[in-house]
Amino acid sequence: MALMESAMPPIGAAAPEFSLPDAVTGKIVSLADFRGASALLVMFLCRHCPFVKHIQDGIASLARVYAARGAAIVAISSNDAEEYPEDAPVSLREQAKECGFCFPYLYDETQEVARAFGAVCTPDIFLFDHACRLAYRGQFDASRPGNGLPVTGQDLRQAMDRLLAGLPVADAQKPSVGCAIKWRRAAT
């Protein structure tokens, strides 16, 4: 497992355009589908990463609460499914059902969307405001596999609460920590 921190792109950056298939429904989902939402949470996840496994139930719980409050939520997996078959769309569908994810779980086969977002690890979390401008990019919470801290989603919940209340999100944001995205090897 290659431990990596989020790249922390600049606050205020526009959400990159995307149009990807949902591993659960097969429907194409794009950024345009979320325009007008009070907030948009984009999470880069996968199935095999121990950091994602550690918080996936917390993600499902958080998503149910904030979707009910009007936030749009989407997950994207960009890992190379040829080298990591556990991250292939059929497996992502199983993960979504097992965890009770109530949001689209998209598959970024070309990895172009991950690159556009500046995503580098799983989980990598990006929260955008109503204008699709980056307001938060950072950790779910301080819990990590083996550190004994409970999974609460505290950091992300605080950011979402402030954003949904029309308040600025705190400037002090800690990067997400997880496994490096599994990039495709360049053809030789």
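The protein exposes about 8500 Å², and carbon and sulfur atoms supply 54% of that area (accessible areas come from the Shrake-Rupley method with a 1.4 Å probe, and for residues only the protein chains shown count as cover). This is a predicted model, where local features need pLDDT of at least 70 and side-chain atom pairs count only at pLDDT 80 or more, while totals for chains, interfaces and linings use all residues. Residues are numbered from 1 along each chain as its sequence is written, and side-chain values use heavy atoms, with hydrogens and water left out.

**Overall build**

- You'll find four helices and ten strands here (DSSP runs numbered from the N terminus: H or I of at least four residues for helices, E of at least two for strands).
- Starting at the N terminus, the elements go β-β-β-β-α-β-α-β-α-β-β-β-α-β.
- The radius of gyration is 15 Å, close to the 16 Å from the globule rule for 188 residues, so the protein is as compact as a globular protein of that length (the radius is taken over C-alpha atoms, and the rule is 2.2 Å times the number of residues to the power 0.38).
- Along the principal axes, the C-alpha atoms fill a box of roughly 50 × 40 × 30 Å.
- Buried residues make up 53% of the 188 (buried means under 20% relative accessible area, exposed over 50%, partly exposed in between, with a 1.4 Å probe and protein chains only).
- Take the contacts between residues at least 6 apart in sequence: 78% of them join residues at least 24 apart (contact means heavy atoms within 4.5 Å).

**The five-stranded sheet**

- This open sheet has the order β6-β5-β4-β8-β9, with mixed pairing (two strands pair if DSSP finds at least two bridges between them).
- Its edge strands are β6 (105–107) and β9 (134–137), each pairing on one side only.
- From one strand to the next, the twist averages 25° (axes are lines fitted to C-alpha atoms, for helices over the stretch in contact, and angles run from 0 to 180 degrees between N-to-C directions).
- β5 and β6 run parallel over three bridges, with A75 partnering Y105 in β6.

- β4 (residues 39–44) is mostly covered, with six of its six residues buried.
- Both faces are covered: A39, L41 and M43 are buried on one side, and L40, V42 and F44 on the other.
- On the β5 (residues 71–77) side, β4 pairs in parallel over six bridges, and V42 has V74 as its bridge partner.
- The chain gets from β4 to β5 by way of α1, and this β-α-β crossover is right-handed (with the strands pointing away from the viewer, the path from the first strand over the helix to the second runs clockwise).
- With β8 (residues 124–128), β4 pairs antiparallel through five bridges, and M43 sits opposite I125.

**The three-stranded sheet**

- This one is also open, ordered β1-β10-β7 with antiparallel pairing.
- β1 (3–5) and β7 (121–122) are the edge strands, each pairing on one side only.
- Three bridges join β1 and β10 (residues 177–180) in the antiparallel sense, and M4 stands opposite G178 in β10.

**Helices across the sheets**

- α1 (residues 50–68) lies across β1, β7 and β10, at about 135° to β10.
- α2 (residues 89–99) lies across β5 and β6, at about 170° to β6.
- α4 (residues 154–164) lies across β4, β5, β8 and β9, at about 10° to β8.
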